[in-house]
Amino acid sequence: MNDDKQIQRDAPPIVRLDKVNKHFGELHVMRDIDLSVAPGEVVVIIGASGSGKSTLIRCVNGLEPFQSGRIEVDGKTLAPHGASGKSLQAVRTEVGMVFQQFNLFPHLSIRDNVTLAPRKVRGWSRRQANTTAERLLERVGISDQADKYPSQLSGGQQQRVALARALAMEPRLMLFDEPTSALDPEMIGEVLDAMRELAKDGMTMMIVTHEMGFAREVADRVVFVHGGEIVEQGTPEAVFDDPQNERTRAFLSRVLKH
């Protein structure tokens, strides 16, 4: 778990969700969600498949519209039923996201995958973007792969490129949607290592994951979601070692039994 001195608990939250509701047709997938994330905090969201975890963070980035409530990201408000183009762009400029699938451009080199958004969105020169890309690829341990193409890299390497690409926009918040679920077991560790270093550096992070050991290690707060509701939240020690809700206990008994 991160040193609490990195968490700016007296500062305004980077993320605030107030009574957020989301429906897919008749399915009510988020029910009156209230959640705030402080600058520098690492919040790990756990729960069974279909519980609403991924939908929650996709709403934070404006990838999914929601029907009622309010989401505020770095002082910018996302309104129900889809944000306007200007406010949505303002949020996404400050938020990096890493998905289950790597979503790299196959026709671009690794370097160009990382530099594309800073040049197009931030207006950086090619030189500035390349310097940043080199630093970030070194940071995630694949600087020697810069001139290759995604198809020439392993899944773990591609996911680390996706992480470098998200960081290249210099976001204030990083979102991770089960970033290791599409990886072979031997590749999971290298991606988690890169995320551990990011957490140590004080990046504000919201992470959806099934990796419970990783959650216990890096989280400042663990949030358990069940049936579209936040059922329980607290420190990793509190949630994993002494869960108060029966649904939390039942979930953990299944995922931790082996």
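User: Which element gives the most to the lining of the largest pocket?

Analyst: The model is predicted. Its largest pocket holds about 570 Å³ of space. The elements that give two or more residues to the lining are α2 (85-94), β6 (95-98), α3 (110-122) and α5 (155-167). With four residues, the top contributor is α3.

User: Of the residues that line the largest pocket, which are the closest to its centre?

Analyst: The lining of the largest pocket counts 19 residues. They divide into eleven nonpolar, six polar and two charged. Closest to the centre are R92, V95, A117, R165 and M169.

User: Is G50 buried or exposed, and why?

Analyst: G50 sits in the loop between β3 (42-46) and α1 (53-60). The cut-off for exposed is over 50% relative accessible area. G50 has 79% relative accessibility, so G50 counts as exposed.

User: What distance separates the C-alpha atoms of G50 and Q101?

Analyst: Along the chain, G50 and Q101 are 51 residues apart.

User: Which residue with a positive phi follows α1?

Analyst: α1 spans 53-60. The residue that follows α1 has a phi near 75°. That residue is G62.

Conventions. Residues are numbered from 1 along each chain as its sequence is written. This is a predicted model: local features need pLDDT of at least 70, side-chain atom pairs count only at pLDDT 80 or more; totals for chains, interfaces and linings use all residues. Side-chain values use heavy atoms; hydrogens and water are left out. Buried means under 20% relative accessible area, exposed over 50%, partly exposed in between (1.4 Å probe, protein chains only). On a 1 Å grid over the protein atoms alone, a cavity is a set of points where a 1.4 Å probe fits but cannot get out, and a pocket is an open set with protein on both sides within 12 Å along at least five of seven lines; lining residues have an atom within 4 Å of a point. Grid points are joined across faces, edges and corners, and a volume is the space filled by probe spheres set on the points. Ala, Val, Leu, Ile, Met, Phe, Trp, Tyr, Cys and Pro count as nonpolar, Asp, Glu, Lys and Arg as charged, and the others, Gly among them, as polar.
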